[in-house]
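Biologist: I've got a model open and I'd like to learn how to read it. Can you walk me through it?

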Amino acid sequence: MMEINKSMNLSKSLYTRAIQCPKSLWLKKYKKKVLTPPDVSAQAVFETGNLVGDLACQLFEGGKEVAYTKNYDEMITSTQNYIDENIPYIYEATFNYEGILVMVDVLHVEGNKVSIYEVKSSTSVKDIYLHDVSIQYYVLKNLGFSVKSAFVVHVNKSYVRGEELDLKELFCVVDVSEEVLALQENIPTVLSEFNAYLDDKEHEPNIDIGKHCKKPYECDAKEYCWKTQRGIPSYSVFNIFNLGSKKQVELYEKGIVNIADVPDDFAMTANQAEAVKNYKSGETHIHVKPIKEFCESLNYELYYLDFETYQQAVPLYKGISPYQQIPFQYSLHVEHEDGTLAHYEFLAKIGADPRRALAEQLVHDIPLHVNTLAYNMSFEKGVIKKLAEQFEDLSQRLMDIHDNMKDLMVPFQKKHYVSPSMQGSYSIKYVLPALVPEFEKAYKELEGIQNGSQAMRAFASLHVKSLKEQEVVRKQLLAYCELDTLAMVKILDILKNVKISK
Ligand code: SF4
C-alpha cells in the first residue's frame, strides 16, 4: 500500500471534492480566496440537509449524537465511549485514520460489527454519494472495524403526506454495500494521487477545465479557472443551447471558444446551427406569418398568469410530496380587446397551507373558457393539475383553466423570433431583455426581490420576520410578481406589432 501523508487532513467532503477535481481540493487548501463563496441558495440547501438529517436519525431509535465541536479528538473519544457503552445507533460517529476524518451520519453498532448510514436530502442515490460512503467504509475498515453494510438514506419523492408525517415512508434506505466495496481497491491509489498534489504547495495541479467543472456539482472555482485563467467569455461555445458537454469540450480542445469561431460544418442540431449562424450574422430573424397566426389564435379577454412556488423537502401539509411545487402567489393581468389592462393578485398568508385559498381565488379571478397565457406553460399547468387533483370540488374549474392555457414561449421555441442576444435560448431570461430591454432595468430597480428564487426564499422565511418586516417583504413579493406578468404583456405586444420579415 502506498504511503499516505498523516497530515493530509482530509474530511469526507474534501475527499468528494477531490474526486470531482483534485485541483478544486488544492485550491480549497491553498488558494481559498479564488473560490466563490456559497450564496444564499447554497445556505438553503445546507439547512435542508440539516433538517432531513435530523429527521432521518429518528428512523434509528435509541441512539446518541456525538456533539459537534471543533476539537475532533473529543468527538472521536465520545464516539468510542458510546461504542463501549453499547449504544446501538451513534449519530455523527467520528473517526480518523491517517489524517482522514469522517463523521458517519448514523452508525449502527451490533456487537463487533458496524453499518454505515449516509443521509442525503436528495431523491436518489448519486454516484458521488458512493464515493462519500466508500471513504467512510475505508476509514472504519482500516481502524479495524468489521463493516457489515453501507446504506444511503434519501428522500422518497413519491411519498404523499397524510395527516401525520410517516418517516418510514418519507425515506428510502438503499443498500450500497456492493458498490462501496467495489470502490475500496482503488482508494489507496486515489489518496496517494491527492497526496502528491497537496505535497506541492507552490504549484496548482495542471488540470484543464471540462465537464467535471459542472458535475456532479457546480465547482466554486469556475470563475477563477474559466474566466481569470482561461478568459472564457460569458457567451462561449459552452453556452450553445443544449449542446452536450462532449461537443462543447470537443470544440474547446480544438481551441475554439468564441461562437464566432465555430466552423460552419461542425455537427450540431438544426436549431443549434441556426443559433450559431444567427449569432455570427448579428441579425434578428422574425418570421411574421407564424407569429401573426399565434397572436390571432388568442381570444380576448386574455389572462396572463404567473405562479410563484416553493418546495418542502419534508412536506408540512397533507397531500404534499417532497419537493412538490407549492404555489403561494400569483399575478394575473387581464387584457381586454381594446388593450386596457386590469390586475389581480394573490399572496398567501404565512404559516398555513396556501393551496386551497389560492385555488379558490384563481377560479374566481379566471372565468370559464377564456385563454390564459403563461410563459413555459408546462410549469403553470403542472401546478394547476396538482391543485385539481387535491381539490375535487374545484377540479372542473381548474382544469378549464389548464385546458385553455396557451404558451407565450412557442414563437421563441419554434424560432419564429430570434435575435443574437437570445444566445440560442428561448428562456424568458433571454427573450425579455432582447425584446423589452427596459424591463431588465425595471427588475434591477425592484427592492429586495428580483427573481423567482429570491421570491421563494423570501416567502419561506416570512415567519421568522417581525410584522413590520413581513409587510415590507409582502409588498416586494407583490411588486416582483406583477412585473412578471406585465413583462408577458409587453412581449406579446411586440409580437402583435412585428413587421420585418426575413
Ligand atoms: S473549475 Fe473545473 S478545473 Fe477548476 S477546480 Fe473546479 S472542477 Fe477543477
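Modeller: We'll go through confidence, then the ligand shell, then a sheet. This is a predicted model, where local features need pLDDT of at least 70 and side-chain atom pairs count only at pLDDT 80 or more, while totals for chains, interfaces and linings use all residues. Residues are numbered from 1 along each chain as its sequence is written.

Biologist: What does the protein average in pLDDT?

Modeller: pLDDT is the predictor's confidence in each residue, from 0 to 100. Here the protein averages 93, and 98% of the residues score at least 70. Over residues 1-5, though, pLDDT is below 50. Where pLDDT is low, the predicted coordinates should not be read in detail.

Biologist: Which residues are around the ligand?

Modeller: A residue counts as near a molecule if its C-beta atom, placed from the backbone, lies within 6 Å of it. Among those around the ligand are Cys21, Lys23, His212 and Cys225. Helix 2 (22-30) gives the largest share of the shell, three residues (helices are DSSP runs of H or I, at least four residues, and strands are runs of E, at least two, numbered from the N terminus).

Biologist: Why does the shell lie between domain 1 and domain 2?

Modeller: Because domain 1 (10-199) and domain 2 (211-270) both give residues to it. The bounds come from an automatic or database domain assignment.

Biologist: And the sheet: what is the strand order?

Modeller: Strands of a sheet pair through backbone hydrogen bonds, either parallel or antiparallel. Two strands pair if DSSP finds at least two bridges between them. This open sheet of five strands runs 11-10-9-12-13, with mixed pairing. Its edge strands are strand 11 (341-347) and strand 13 (405-407). Strands 9 and 10 pair in the antiparallel sense over nine bridges, and Glu308 stands opposite Gln329 in strand 10.

Technical notes. Contact = placed C-beta atoms within 7 Å.
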